[in-house]
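Here is a short briefing to read with the model open beside you. Take a look at the chains below, and then we can go through them together.

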Amino acid sequence: MSNEKTDWWVGLFVLLGALALAFLALRAGNLSSFSFAPTYALSAKFDNIGGLKVRAPIKSAGVVVGRVASITLDEKTFQAIVTFQLEKNYLFPKDSSAKILTSGLLGEQYIGLEAGGDEANLVPGATLQFTQSAIVLESLISQFLYSSAEKQGTAAAADANPAAKPAKTTP
Amino acid sequence: MSRPSFLSALGQSVRARLTGLGLFTRFFLMLLQRSGLVFKRPRLVSQQVHFIGNFSLLIIIVSGLFVGFVLGLQGYYTLNRYGSEEALGLLVALSLTRELGPVVTALLFAGRAGTSLTAEIGLMKAGEQLAAMEVMAVDPLTRVFVPRFWGGVIAMPILAAVFSTVGILGGWVVGVLLIGIDTGAFWSQMQNGVDVYKDILNGVIKSIIFGVAVTLIALYEGWRARPTPEGVARATTRTVVTSSLAVLGLDFLLTALMFSH
């Protein structure tokens, strides 16, 4: 085979590899969700971030407006400091609040940003004042169990002491 | 004739293995040292990419397609039990980009290209072509081995990427066209779960390392082959066995390094 023909086939082969990689990155991977728009940083402190991860989306009204940049622990207050990058064209009022939410019942966690009513906007580097931690399923269940056990306890106590319930007649 | 004692036999085999390992490392370093040829005569490398890469493309595409089909069917069988068929795209893409793409491609590559490299060089040695080159003051390591080495190293990641892509398309054919999963959910679950750096880039790094390992083993076995028909046959067998084991062992190490945290 002549050299030029070989070169043509090799070129086709390499092009095919580049196309395959582009397909993997854009169609199968999340490169298309990478935004190269200019961003600004904000941070928020949470008592508990649950399973929030770096690069988790920041959503406002369901629209992705940014991503989590870093998560660290404040050594004094033992709260989690979450820094995130918002796209520059989205500005939020000063009293906006951040919540850690879960998409679906068992989906990934993200930060929901709710706009407040303040006239002034958050400046780059500002810290959000109002935050709500992630809901931890285990503590929710234990709370529910405690409260139902408490209810049962008071009901049993009331049954044991009929004098406390004069309205009820015993057979 | 006295039989060697157990201890001296053990010592001898360990020493032989260490010598082999040292020779292998020196072979690698000698190839790297002479790699300047790649820039001086790139046509030699592109001929090898053509021989190693283009001719392996068909087997890679067909295998990738069938691996994708099977992943689609088996993945659906398991996911269906948990009512999360939509995650099929994620399952197929993650298994292909992280593990199956690089590993199966490397195994096929060892069988398809590695053996031909070993046999070619072994026969060159048997036909005293390498010796003839030395007589003509042409360094066979530079002229014969370096272009083949780089050809293999370049071709392998491309083949692995093609394999993963075709496999994902195969999973899509089975999942969406045959079984009837929603195509939007198939792709969006995949995009949410597959990370470009953590999954795809690490898969590409894996395939480059496998390419180096398989090509190097194939060339080394050809270089060391006894210049007889039987010696070449044995060297070809050793290429497949050693490089398959090396790929699987390296895969475990790399997975533990890359994805352990």
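**Two chains, side by side**

Chain A, in contrast, has 2 helices and 8 strands. Please keep in mind that this is a predicted model.

**Chain A**

- Along the sequence, the elements of chain A come in the order α-β-β-β-β-β-β-β-β-α.
- Chain A has 171 residues, and 20% of them are buried.
- Taking the contacts in chain A with a separation of 6 or more, 61% are between residues 24 or more positions apart.

**Chain B**

- Chain B has 261 residues, of which 43% are buried.
- Among the contacts in chain B with a separation of 6 or more, 86% join residues 24 or more positions apart.
- If you draw a box along the principal axes, the C-alpha atoms of chain B fill roughly 70 × 50 × 35 Å.

**Where the chains meet**

- The contact between the chains draws 24 residues from chain B and 20 residues from chain A.
- On the side of chain B that touches chain A, two or more residues come from each of α3 (42-52), α5 (88-126), α7 (140-179), α8 (183-193) and α9 (196-224).
- The largest share of that side of chain B comes from α7(B), with 6 residues.
- By residue type, the side of chain B that touches chain A splits into 12 nonpolar, 9 polar and 3 charged residues.

**The nonpolar cores**

- The largest nonpolar core has 71 residues, and the ones that touch the most other members are L159(B), V162(B), V214(B) and L219(B).
- Both chains supply this core: α1 (3-28) of chain A gives two or more residues, as do α3, α4 (57-81), α5, α7, α8, α9 and α10 (229-259) of chain B.
- Which helix gives the most to this core? It is α7(B), with 19 residues.
- Leaving aside residues up to four places away in sequence, L219(B) touches L117(B), I121(B), F145(B), R148(B) and F149(B).
- Another core, of 21 residues, lies apart from the largest one, and its members include A44(A), V65(A), I100(A) and L122(A).

Notes: Residues numbered from 1 in each chain as written. Chains lettered and ligands numbered in written order. Predicted model: local features only at pLDDT ≥ 70, side-chain atom pairs only at ≥ 80, totals over all residues. Contact = placed C-beta atoms within 7 Å. Helix = DSSP H or I, 4+ residues; strand = E, 2+ residues; numbered from the N terminus. Nonpolar A, V, L, I, M, F, W, Y, C, P; charged D, E, K, R; others polar. Buried ≥ 20, exposed ≤ 12 C-beta atoms within 10 Å, placed from the backbone. Core = buried A, V, L, I, M, F, W, Y, C linked by C-beta atoms within 7 Å.
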